[in-house]
Amino acid sequence: MTPVAPSAEGLVDRYGRVARGLRVSLTDKCNLRCTYCMPAEGLPWLAGPDLLTDAEIVRLVRVAVGRLGVTEVRFTGGEPLIRPGLAGIVAEVAALRPRPRICLTTNGIGLDRVASGLRAAGVDRVNVSLDTLDPERFRQLTRRSQLDAVLAGLAGAASAGLTPVKINTVLMRGVNDDEAPALLRFALDHGYQLRFIEQMPLDAQHGWDRSRMVTAEEILAALATTFDLSPDPAVRGAAPAETWLVDGGPARVGVIASVTQAFCGDCDRTRLTADGQVRSCLFATEESDLRGALRAGADDDELARRWRAAMWGKRAGHGIDDPTFLQPARPMSAIGG
Ligand code: SAM
Ligand code: SF4
């Protein structure tokens, strides 16, 4: 059935969910090649004219914030720090009213050099991805020798006040799944908040294998060999991570069990790709073209209407367990993770 745009304000869907968090991919390019994300040779990148310009991104975020009830904007990619206009985009988004919370998901390379500028521009918080503390493993996992740069990026983010600094970790069987306690110890020692993410079928190479995925249950069991974990009494809301108090708290660790304990029923996300397509879900197989409408002269009302229609069609869940599940054509790096 063709989705029908609701008359309601805001990004509601047929299941009563309301999207208030917007993830904006600023580029599909990256300076790492994480094996669970991209092939060694990279991908056919989006062509320059297909990318939204800085002004087009700001315009669409303004529509989302001003007309559609979005309260948090997270810039991601690909690697958002390699987009030249990042600080300018952030500054313009920070000037919107009501001002959204502004976050960044990054691999951390070069973050030490730009963290205070980004903070001044309006970034409130960062998530830095780090899967291993071992330099050789880092090189194998990301195909680049950049562990020191990521560690410097983490430290730079903390000293610039982009706190709490969160770390995202994906564990892979036989690669880094023995490092869960060491990564948590590192995070605790530095005051970073660690969250493990179950690996999802979003790699460009389509090499994901459910039977090899390290599950949330296994991650918690590995942590329990070294730490005492107890359920976090804080309300989870739409947060993807289930959190646990470590050794009685106040430190916490999070586990995002996107596959084994899907939280789709509480999802409050909408996504905009670097080429201006709205996606209602990471796993959506359909997109809604806002760039075409914008470049054809659509006004803000029309853009908002299209965005609402796209979200109205959001599916109930990602369906990874359905026999008919199809991995989306775009990999994570091109959707915006
Ligand atoms: N380059 C930035 C980074 O790595 O943080 C932002 C984009 S990256 C696609 C966003 C997050 O997605 C990272 O934390 C990364 O580890 C995660 N990610 C990438 N591929 C994934 C997969 N197949 N399953 C689970 N998480 C994945
Ligand atoms: Fe780049 Fe992030 Fe993908 Fe790694 S996970 S290749 S850092 S986009």
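How far from an oxygen atom of ligand 1 does a polar side-chain atom of Ser129 lie? In this predicted model, in which local features need pLDDT of at least 70, side-chain atom pairs count only at pLDDT 80 or more and totals for chains, interfaces and linings use all residues, the separation for Ser129 is 2.6 Å. Residues are numbered from 1 along each chain as its sequence is written, chains are lettered from A and ligands numbered from 1 in the order in which they are written, and side-chain values use heavy atoms, with hydrogens and water left out.

Polar contacts are taken as pairs of N or O atoms within 3.5 Å. The shell around ligand 1 comprises 17 residues, of which Tyr36, Gly78, Glu79, Ser129 and Met200 are the closest; a residue is counted as near if one of its heavy atoms lies within 4 Å. By class, this shell contains five nonpolar, ten polar and two charged residues, where Ala, Val, Leu, Ile, Met, Phe, Trp, Tyr, Cys and Pro count as nonpolar, Asp, Glu, Lys and Arg as charged, and the others, Gly among them, as polar.

Ligand 2 is surrounded by Cys30, Leu32, Cys34, Cys37, Gly78 and Asn107. Four of the residues in the shell around ligand 2 are nonpolar and two are polar, with no charged residue.

Two helix pairs were examined, with helices (H or I, at least four residues) and strands (E, at least two) defined as DSSP runs numbered from the N terminus. Helix α1 (residues 54–67) packs against helix α2 (residues 86–94) at an angle of about 25°, the axes being 10 Å apart; axes are lines fitted to C-alpha atoms over the stretch in contact, and angles run from 0 to 180 degrees between N-to-C directions. Helix α1 is therefore roughly parallel to α2, a term applied to angles under 35 degrees. For helix α3 (residues 111–121) and helix α5 (residues 147–159), the axes come within 7 Å and cross at roughly 20°, so that α3 and α5 are likewise roughly parallel to each other.

Backbone features were also identified in loops. A cis peptide bond with omega of about -5° joins Thr163 and Pro164, and Pro164 is found in the loop between α5 and β7. A cis peptide bond also joins Gly249 and Pro250, with omega of about 5°, and Pro250 has its place in the loop between β10 (242–246) and β11 (252–256). Arg143, although not a glycine, has a positive phi of about 60° and lies in the loop between α4 (135–142) and α5.

Notes:
A polar contact is a pair of N or O atoms within 3.5 Å; within protein, one must be able to donate a hydrogen and the other to accept it, and residues adjacent in sequence count only if both atoms are side-chain atoms. Angles under 35 degrees count as roughly parallel, over 145 as roughly antiparallel, 65 to 115 as roughly perpendicular and the rest as oblique.
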